[in-house]
Amino acid sequence: MPIHEESLIRPENLRKHEELNIDNVDVSGHWSTFIETRSVADYNENLEREISAFPGGAYIHRCWQCGACTNSCTVNAINPDFNPRYWIYLARLGMEQELLRDKEIIWQCVSCHRCTHVCPRDVEPEGVMKALSHWLEAKGHTPKSQSQHFDEEFYQQILETGKIEEGRIVRNFFNRTGQPLKQPWLIRMVKNLIRGLPIMLMFKMGLSTLFRPKTKDWSKSKHSIEELIEMRELERKKILEGNEAS
Amino acid sequence: MNDRTMRDELQTVAYYPGCALEGTGHAYNRSTKRIAKKLGLNLVEIDNWNCCGAMEVKNIDPEVQNYLSVRNMAIAKHKMGMDVVMAPCNGCYHNLKKAEHDVTHKEETRKTLKKMADKTGQPEYKPGDVETIHALDWIKHAIGEENLASRVKHSLSGLKIANYYGCMYTRPRHIFPEKDQGEGSESTSKPHFMDDLLRAAGAEIVEFPLKTACCGGAHTLSDCDTSTRLVLNILQAAEVCSADVIATECPTCHSGLEMHQIRAEETLGVKTQPVMLYFTQLLGLALGISPRQLGIHENISQSLGLLRQKGLV
């Protein structure tokens, strides 16, 4: 079909003709641009189910595509390609290949909760974004995102001691992701921090890097958390392999 | 003051400082305790508390995050006999509220958490066992503006302040059932508790449209460029509103603004003027507490020059 608004269509799906004659009607000029006919044959019919098995994705089925999430989105204001409404649409239709086009940016959701705040259907789109990026990693479509490295480091510390120590988080995160700690802005920040610190506090903070802050009697909590996570991972594995007990 | 806004039971509350207040947010911790003492309010720290999971653990599993929150709330109620938990950190406050919401409305959450509580020998948390409030609710409802104004020793007059509340204090609305309830309650779209308190302390509050904009805190290290850009929006908007100071009420927002102000200078060459201070530090100054006791020297953002110039130090 001929179209006016080319910006709405991806360039590779546009077909232009300098001169065109259809059934003896000359349609050269304004009416000679068409959308390429395509057929989608590789639906993943299990896609919505898969994504809803990841943390945060449980309510994706409630969406009725009003677009309030994308309208309110902090990241969309910076990058118009970041489009939660569209990704939820693709996931529910099972259009996996189409979804993969944006695989590099989905993890960038900043969890500002504007979408969840305005969603009239309680889809919790912020959670769906997290579920989508976990799903991308679990399926091997993307490597672990920086965000996932950060979450894992954070979780690991809580699992071990019940608390986190920020210095350790920063060091281990930079280590995990292979980034240098000696960046000019980081150095200046640490200098500003140290300049004002009273000696006793500095001493105390130094000590906490050696003796990590801990919640007492944490081991039972640790086991209980690990048990839950193991169970969840097993459930997810079954769903991803399509072996879900019906 | 009517009964709705002034509450006697807030004179003594369970205090949940959280991990950030023992690290980068130590000045917030210190100034919160100082003003409590000055105002005659009691903070009883939750015994053997654990991390709330911040914005990270929910991405590993939402129920683990709920477990982390309810463990603290259950200790406050069943081991300490407290009815109110006060959390000054937006992340902690948000997570406790979220857990309360899930325990109240989701059967599945209740079951999972009951099982975990039984296994760990913790008392089970039941909906409504405690009420979670933010440090802003606490000062606003335990002291109130009139009472606060009458205790001011050094008015903050001449100081132009933009109040920055961030995301987690108001969003998503369904976990804060007490907000948006008409006169006297907090607004999720235009929060004003910090405005009310600092205005009572004499400050000039500027109209600031980015009160609840996002600072990119969740990706402050994992996606630095985005965070720097979001923080720069906030800093430049405050500048346009002619604010000298951005008042904060969350350690993650506060350190995010400080960090990325420096990063914007170093990596983009964009310098911005506003300095960051915790609202508790500003209230403390007004109440006549010394800057050192409020930890103002410990902030990364250097504000002493400005405070001297305004005659507040």
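Which helices of chain A each supply at least two residues of the lining of the second largest cavity? They are helix H3 (74-78) and H6. This is a predicted model, in which local features need pLDDT of at least 70, side-chain atom pairs count only at pLDDT 80 or more, and totals for chains, interfaces and linings use all residues. Residues are numbered from 1 along each chain as its sequence is written, chains are lettered from A and ligands numbered from 1 in the order in which they are written, and side-chain values use heavy atoms, with hydrogens and water left out.

Helices (H or I, at least four residues) and strands (E, at least two) are DSSP runs, numbered from the N terminus.

**Cavities**

- A cavity is a set of points, on a 1 Å grid over the protein atoms alone, where a 1.4 Å probe fits but cannot get out; lining residues have an atom within 4 Å of a point.
- Grid points are joined across faces, edges and corners, and a volume is the space filled by probe spheres set on the points.
- By this rule there are 6 cavities of 30 Å³ or more.
- The largest cavity has a volume of about 110 Å³.
- It is lined by 13 residues, and the closest to its centre are B:Val70, B:Leu113, B:Ala117, B:Glu124 and B:Tyr125.
- H3 and H5 of chain B each give at least two residues to the lining of the largest cavity.
- That lining has 8 nonpolar, 1 polar and 4 charged residues. Here Ala, Val, Leu, Ile, Met, Phe, Trp, Tyr, Cys and Pro count as nonpolar, Asp, Glu, Lys and Arg as charged, and the others, Gly among them, as polar.
- The second largest cavity has a volume of about 90 Å³.
- Of its 14 lining residues, the closest to the centre are A:Cys73, A:Phe82, A:Cys109, A:Cys112 and A:Cys115.
- By class, the second largest cavity is lined by 10 nonpolar, 3 polar and 1 charged residues.

**A pocket with residues from both chains**

- A pocket is an open set of grid points with protein on both sides within 12 Å along at least five of seven lines.
- The second largest pocket has a volume of about 910 Å³.
- Its lining counts 41 residues, and A:Pro55, A:Gly56, A:Ala58, B:Pro62 and B:Glu63 are the closest to its centre.
- Several helices each supply at least two lining residues, among them helix H7 (125-138) and helix H12 (219-240) of chain A and helix H4 (90-105) of chain B.
- The lining of this pocket has 12 nonpolar, 13 polar and 16 charged residues.

**Salt bridges**

- A salt bridge is a side-chain nitrogen of Lys or Arg within 4 Å of a carboxyl oxygen of Asp or Glu. The structure holds 34 of them over all chains.
- A:Arg101 and A:Glu12 form one, at 3.0 Å from N to O. A:Arg101 lies in the loop between helix H5 (96-100) and helix H6 (114-118), and A:Glu12 in the segment before strand S1 (14-16), so the pair ties together parts 89 residues apart in sequence.
- A:Arg101 is partly exposed, at 40% relative accessibility. Buried means under 20% relative accessible area, exposed over 50%, and partly exposed in between (1.4 Å probe, protein chains only).
- A:Arg38 forms a salt bridge with A:Glu98, with the closest N and O atoms 4.0 Å apart. The two residues are 60 apart in the chain.
- A:Glu98 is buried, with a relative accessible area of 9%.
- B:Glu265 and B:Lys271 form a salt bridge at 3.8 Å between the closest N and O atoms. Shared partners join A:Arg10, A:Glu12, A:Arg38, A:Glu98 and A:Arg101 into one network.

**Sheet and helix in chain B**

- An open sheet of 4 strands runs in the order S6-S5-S7-S8, with parallel pairing. Strand S6 (204-205) and strand S8 (275-278) stand at the edges with a single partner strand each, so one side of each has no neighbour in the sheet.
- Two strands pair if DSSP finds at least two bridges between them. S5(B) and S6(B) pair over 2 bridges.
- Helix H6 (residues 135-142) of chain B is mostly covered, with 8 of its 8 residues buried.

**Backbone**

- The peptide bond from B:Arg171 to B:Pro172 is cis, with omega near -10°.
- A:Asn24 has a positive phi near 70° and is exposed at 75% relative accessibility.
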